[in-house]
Amino acid sequence: MPLDTVLSACPHDCPSTCALEVERLSSDRVGKVRGGRHNPYTAGVICAKVARYADRVHHPDRLTQPLFRVGDKGVGRAAFRPIGWEEALDLLAERFVQAAQRHGPEAVFPYFYAGTMGLVQRDGIQRLRHVMGYSRQLSTICVGLSDAGWIAGAGVKRGLDGREIADADLVVMWGGNPVNTQVNVMTQIARARKERGAKLVVVDPYRTGTAEQADLHLMLRPGTDGALAAAVMHVLFRDGYADRAYMTRYTDVPEELERHLAARTPDWAAAITGLSSEEIVRFAQLYGATKRSFLRLGYGFTRSRNGAANMHAASCLPAVTGAWQHPGGGALYSNTGLYPIDRSLIEGLDRLDRTVRRMDQSRLGPILTGDKRDLGEGPPVTAMLIQNTNPMMVCPEHMKVREGFSRPDLFLAVHEQFMTETAAMADLVLPATTFLEHDDFYIAGGHTFLQVARKAIEPVGQARSNHDLLCALARRLGADHRGFEMTAWQLIEATFNASGLPDPASVYEQGGHDCAQDFETRHFLNGFAHPDGKFRFKPDWSEIGPCHERMPALPDHMAVIDEAEPERPFRLVTAPARSFLNSTFTETSASREREGRPTALVHPQDCARLGITEGDLVRISNRRGSVLVHARPFPGLQPGVLVVEGIWPNAAFVGGVGINALTSADAGFPAGGAVFHDTAVALARA
Ligand code: SF4
């Protein structure tokens with residue numbers, strides 16, 4: 001029998017940020033995890049990954065004590081011996097001090113990302129960085145491209161309420177696969193279909209689980225979404241679906257847009273996207289004829305050198321039809337911009353020095369291998385603390401990441417829950433709590449609830465929270481900031497107070513605080529977030545990012561992708577698998593077994609041409625690397641396109657080299673961002 005049931009929130013890098021009900025079996029053991037029924041977006045439904053969370057928390061492979069490496073890098077647990085926390089923290093501080101003394105503080109590069117989305121535990125490392133003057137991190141790996149594209153048009157990172165999907169007559173899922181990654185979107189779509197007979201259109205380069213459920217699937221070539229969006233708008237103008245009165249009031253240059261689109265015909269887009277003109281016209285007419293059209297924009301289609309241009313082009317659609325004026329009409333990319341959070345205390349923004357070197361996290365491989373484009377005139381990186389991310393698996397140009405972490409002059413400390421491939425490269429591995437073992441609070445991209453989660457059980461073994469580790473390290477480094485004198489809960493209270501939010505205890509008791517805006521605001525009927533209140537068909541890209549010269553002035557196909565060519569005739573997409581969440585959940589064998597093995601989906605025509613049959617080992621390669629996977633003939637993509645779902649550990653691949661050996665660390669335009677689905681490769685039987 002459970003002791004009780006506590007409310008919590010899913011900390012993972014998933015826009016659903018589900019409300020949770022967690023059975024507490026004892027002070028140190030959790031039982032079942034269920035979807036929170038009190039939250040109307042979660043509505044009691046969560047994904048299978050998190051429903052099994054007790055297996056993860058209490059898994060025998062959890063790290064439970066600090067470890068010091070005494071053997072070779074990359075070997076794993078056998079190469080480490082246990083040490084005490086005090087000794088470990090002393091060593092970490094000593095190595096940071098040595099690095100700073102030798103090369104200056106910019107030689108230290110604290111590195112983090114979204115293994116937890118709790119603002120206290122995820123972002124506190126920024127406070128240490130700012131107080132100590134360590135190298136800054138440009139956080140691009142997920143949202144660098146998508147944010148740039150959305151904000152270029154709308155001016156702010158918010159949009160429709162996710163619950164409004166249920167009010168729509170047409171849902172367009174563009175560049176996302178919520179069946180694998182965001183189960184709650186499917187719940188809302190199911191409601192819209194049942195209650196309103198809504199249609200579902202999916203735009204995706206391959207037939208995903210979501211696309212299988214669609215009324216229309218536009219299976220375009222990767223990186224050509226801007227062409228599709230431009231041609232759809234061409235038809236909207238041509239066939240009388242453009243709302244000119246709306247555009248006059250709410251948009252910047254509708255006449256110039258119409259002139260520009262005159263040449264972006266369905267035939268023009270068909271040649272670029274690989275879709276038929278008929279498919280494009282059919283979608284455009286369905287979209288144009290449906291006032292309540294909910295455009296749900298995902299991240300996938302932005303992970304391309306032209307991803308920001310693609311996002312902007314797609315986001316223009318409801319500004320042409322005026323769908324924003326209707327219930328369930330408009331678009332949602334993410335709502336994280338609507339929460340009024342004052343982040344200064346958590347991130348130590350009072351100590352931010354913008355003259356300190358800032359490096360792009362997506363370019364960790366080049367950074368660690370000494371690329372001057374990243375290091376500038378500054379020192380090499382010789383000491384790192386990594387929290388909440390696993391760059392050995394998730395970073396592009398994996399071979400450089402591996403080479404960098406192999407450097408004998410780099411001191412690497414990794415604070416983790418499991419012995420990840422990054423932890424295995426570390427000198428010092430420190431055991432971290434899961435979200436059920438510490439306090440934190442969460443905002444969401446897919447809904448509008450601010451949630452507070454309290455520690456449900458005592459930390460497993462000697463695990464410590466990110467915040468506790470940072471406070472202990474700060475004391476040793478002499479990093480003086482009041483945030484290091486507070487508990488996580490005190491930080492939450494002070495942040496809520498500074499942000500004008502209700503007190504966190506009551507937010508916790510009520511299961512969250514709904515920050516939803518009124519209809520006019522979330523539909524931008526009070527104006528978009530630019531000084532003149534108008535949506536930008538013609539953004540000022542120079543305001544968005546430094547590499548803006550090549551951005552298209554108006555929505556278009558931006559021809560900067562890694563095009564297929566005779567030596568590399570395939571375009572590779574590295575989409576998310578259902579049982580993994582980025583690299584999380586790959587640590588346990590049960591998750592890996594559910595996914596099977598790394599597999600390349602290959603069009604049957606390509607299989608026939610190359611003599612590939614089901615289960616054959618194939619080599620995918622380009623100048624950055626070479627990867628072996630098993631092939632599966634799959635008709636749900638265009639010839640010349642490959643899909644390898646993941647992210648699998650490198651060790652799961654024959655030969656031990658994973659998919660990110662092929663992806664590029666080139667920064668997407670105009671403000672950076674990882675280009676995971678923009679890779680030309682060769683394919684052959686191994
Ligand atoms: S759907 Fe996303 S937010 Fe919800 S439980 Fe699963 S990973 Fe967490």
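Reader: How many bridges join β20 to β24, and do the two strands run parallel or antiparallel?

Author: As a general idea, the strands of a sheet pair through backbone hydrogen bonds, and they do this either parallel or antiparallel. In this predicted model, β20 and β24 run parallel and are joined by 3 bridges, where two strands count as paired if DSSP finds at least two bridges between them; strands are DSSP runs of E with at least two residues, helices are runs of H or I with at least four, and both are numbered from the N terminus. Within this pair, R571 has V641 of β24 as its bridge partner. Residues are numbered from 1 along each chain as its sequence is written. Local features need pLDDT of at least 70 and side-chain atom pairs count only at pLDDT 80 or more, whereas totals for chains, interfaces and linings use all residues, and side-chain values use heavy atoms, with hydrogens and water left out.

Reader: Which other strand is joined to β20, and which residue in β25 stands opposite F570?

Author: Strand β25 (residues 679-685) is joined to β20 by 3 bridges, and these two run antiparallel, with V681 of β25 standing opposite F570. Strand β20 (residues 570-573) is covered on both faces, since F570 and L572 on one side are buried, as are R571 and V573 on the other; buried means under 20% relative accessible area, exposed means over 50%, and partly exposed lies in between, with a 1.4 Å probe and protein chains only.

Reader: In what order do the 6 strands close into a barrel?

Author: The order is β20-β24-β21-β23-β22-β25, and the pairing is mixed. From one strand to the next the twist averages 45°, an angle that runs from 0 to 180 degrees between the N-to-C directions of axes, which are lines fitted to C-alpha atoms, for helices over the stretch in contact.

Reader: How many residues of helix α14 are buried, and what do they pack against?

Author: In helix α14 (residues 307-315), 9 of its 9 residues are buried. They pack against α5 (144-154), β8 (170-174), α9 (225-238), β11 (293-297) and α15 (317-321), where contact means heavy atoms within 4.5 Å.

Reader: Why does Q182 count as buried?

Author: Q182 counts as buried because its relative accessibility is 9%. Q182 is found in the loop between α6 (178-181) and α7 (183-196), and, leaving aside neighbours within four places in sequence, Q182 is in contact with C14, P15, S16, Y41 and R296.
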